[in-house]
Each structure stands twice: as structure tokens, then as C-alpha cells.
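The sequence and the structure come first.

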Amino acid sequence: MEYHSHEVVTERNVVLLEHGHASDLTDYLANEVRVALVYNGIAHTVMLASPQDLEAFAIGFTLSERIVSHVNDIKGVELEFTREGVLIQVEINQRCFMELKQQRRNMAGRTGCGLCGVAQLEEAVKPVMRVDSDARFDISYLQVALGQIKDNQQHFKLTGATHAAMGLNHQGQIIAAYEDIGRHIALDKLIGAFSAHNVERPVAVLLTSRASFEMVQKAASANIQILFAMSAVTSLALELAEKSNITLIGFCRNGRATLYTHGYRLLGQHCASLAKAI
């Protein structure tokens, strides 16, 4: 059965099989919809996403994928909800649009030769961007943020199927949180929100997911200097964080965390020696 609802959560009657017994149960599913991004009338990509905060997603994706270099290069975002999904029309300035068209022509022309795969791999890795160095965060306040996660994951509470990207202030308070079935999209939503509006910019970002290469690359594009992840860090993510001057911390759980790169931004007990070592 297909679902075309643009609600974030779907309620279903299901059967629970447990210890040899069957019982009726009401379950909650995280909805995912097809989201098509169209730039100046030209289709660019289709993503699967949770149907909420999609304007923030479009802005964050456009920035983090470096389609534009500044939020002011985005002239407008319009959403159209259809039976098939959501169509997002993004209007960007002419210079950015011409660059995007040139990139698409370059990719389309790389077919029929032995070097195509190499060229496409190179295209997938964007030039390294180094973030600023002014952010500082007292690591003892990480526990404050971890204690607030449940209150900022309403859809995860119901479905168990969403990731979250959360912005933290200097005291570890979660000042913005965005959920999505896709961890990359949750981060794009957060980036889009604090880039497009005159709101407090987070000093650090906490992810409920692992920190992969793409997540670090998006963080670098948005000048996110401190990135906490509740799960693991991949090897390419560590390598890129080192080059991008991002402080990367993984396995953030109650009372512990693993520091991988650029520990000089972390304040608090034991952090001085760690900053020298990493």
C-alpha cells in the first residue's frame, strides 16, 4: 500500500508478536516522501526526506552542497505538495546557476572512456574548506546537551526512525533541533535554519548519528567548528576534519566522549593536555 500523506508520522494498527503470543498494537511510522529540488526550472536531484522544515532543508542543502556560496545568492524557495511528493523550486542568482549548469555539463560528458570513474570520484570530493578558529566549548557542558536530547526528538520518541542535528550554545543548551529520516537532511535543515534567519548561531553541533565524510564536509561548508556525534567517526571523516580545522568528537554518551581532532577548542578539566596531543 502506498502512502501520500505529508504528515510527519503515520499511525497504523499492527500485530505484535512476542513470546509466542500475538496482540493488537498501535504503531507510529516516520513518513518519508520524495523531495525534488529544482534550480531555476532545471531538475537537480530527488531525495527521500521527512515532510517538515523543507524550506530550511532546501536552503541548507543549497549551501552545504556549495551550489551557492552565501544565503543571499538564494532568491526564493517555493514548495509544491503533490501526490507523488514535494517539489521545491529554488531560485538562485544567475552566476550560481551558470556554474551549476557547467558542472552538470561536465558530469554528463564523462562517459565512454576508462577515466570516467576517476573523474566522477574527483567531482564527488569538493575542495577542502577550513573553518574559523574562534569557537570554544567547555566539555563539561556536553552533558547538559545530552540530557536534553529526548525532549528535542519528538518524532524519534514515536517512531524510533529519525536522526537529529542540534545546535548548542556556550552553556550546552540545545537552541535548535531538526529531525529527519536522513541524517544528512537533518543537518541540512539545521544549517538552512541558522543561515537564513537572524537567530543565534550555534557554537557547536551535536548529531545523534555517526559522523561520516559527508557530514563533516557539510559542516565545513557551513563553518561549523565543533562537531559532536553520538555514534562513530569514520576514517575519511577524521581525515577531512583534520584538514578542515574542525574539532571532531565521537561516541558522545553519558560521561564520556572520544576526541579525534583539534582539541584546542575544548575547555575544561583535562582538555589542556588533550589539546596538545591531538
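## After helix 1

Helix 1 is followed by Arg66, which has a positive phi near 60 degrees. Helices (H or I, at least four residues) and strands (E, at least two) are DSSP runs, numbered from the N terminus.

## Model and chain

This is a predicted model, in which local features need pLDDT of at least 70 and side-chain atom pairs count only at pLDDT 80 or more, while totals for chains, interfaces and linings use all residues. Residues are numbered from 1 along each chain as its sequence is written, and side-chain values use heavy atoms, with hydrogens and water left out.

The chain has 9 helices and 14 strands. Of its 278 residues, 44% are buried; buried means under 20% relative accessible area, exposed over 50% and partly exposed in between, with a 1.4 Å probe and protein chains only. Contact means heavy atoms within 4.5 Å. Among contacts between residues at least 6 apart in sequence, 51% join residues at least 24 apart.

Four strands form an open sheet in the order 4-3-6-5, and the pairing is mixed. Strand 4 (42–49) and strand 5 (74–81) are at the edges with a single partner strand each, so one side of each has no neighbour in the sheet. On average, neighbouring strands of this sheet are turned by 20 degrees against each other, direction ignored. Two strands pair if DSSP finds at least two bridges between them.

Strand 5 pairs with strand 6 (residues 85–92) in the antiparallel sense, over 7 bridges. A hairpin of 3 residues joins strand 5 to strand 6. Gly76 stands opposite Glu91 in strand 6, and Leu79 stands opposite Ile88 in strand 6.

Helix 1 (residues 54–64) lies across strand 3 (33–39), strand 4, strand 5 and strand 6, at about 50 degrees to strand 3. Axes are lines fitted to C-alpha atoms, for helices over the stretch in contact, and angles run from 0 to 180 degrees between N-to-C directions. Because 10 of its 11 residues are buried, helix 1 is largely enclosed by the rest of the structure. Its buried residues pack against strand 3, strand 4, strand 5, strand 6, helix 6 (183–196) and helix 7 (213–221).

One of the buried residues is Leu63, with 12% relative accessibility. Apart from neighbours within four places in sequence, Leu63 contacts Val68, Ser69, His70, Val71, Ser195 and Ser221. Leu63 and Ser195 are 132 residues apart in sequence, and their C-alpha atoms are 8.8 Å apart in space.

## Helix 1 against helix 6

The axes of helix 1 and helix 6 are 6 Å apart, and the two helices pack at about 90 degrees. They are therefore roughly perpendicular to each other; angles under 35 degrees count as roughly parallel, over 145 as roughly antiparallel, 65 to 115 as roughly perpendicular and the rest as oblique.

The residues of this contact divide into 10 nonpolar, 4 polar and 2 charged. Ala, Val, Leu, Ile, Met, Phe, Trp, Tyr, Cys and Pro count as nonpolar, Asp, Glu, Lys and Arg as charged, and the others, Gly among them, as polar.
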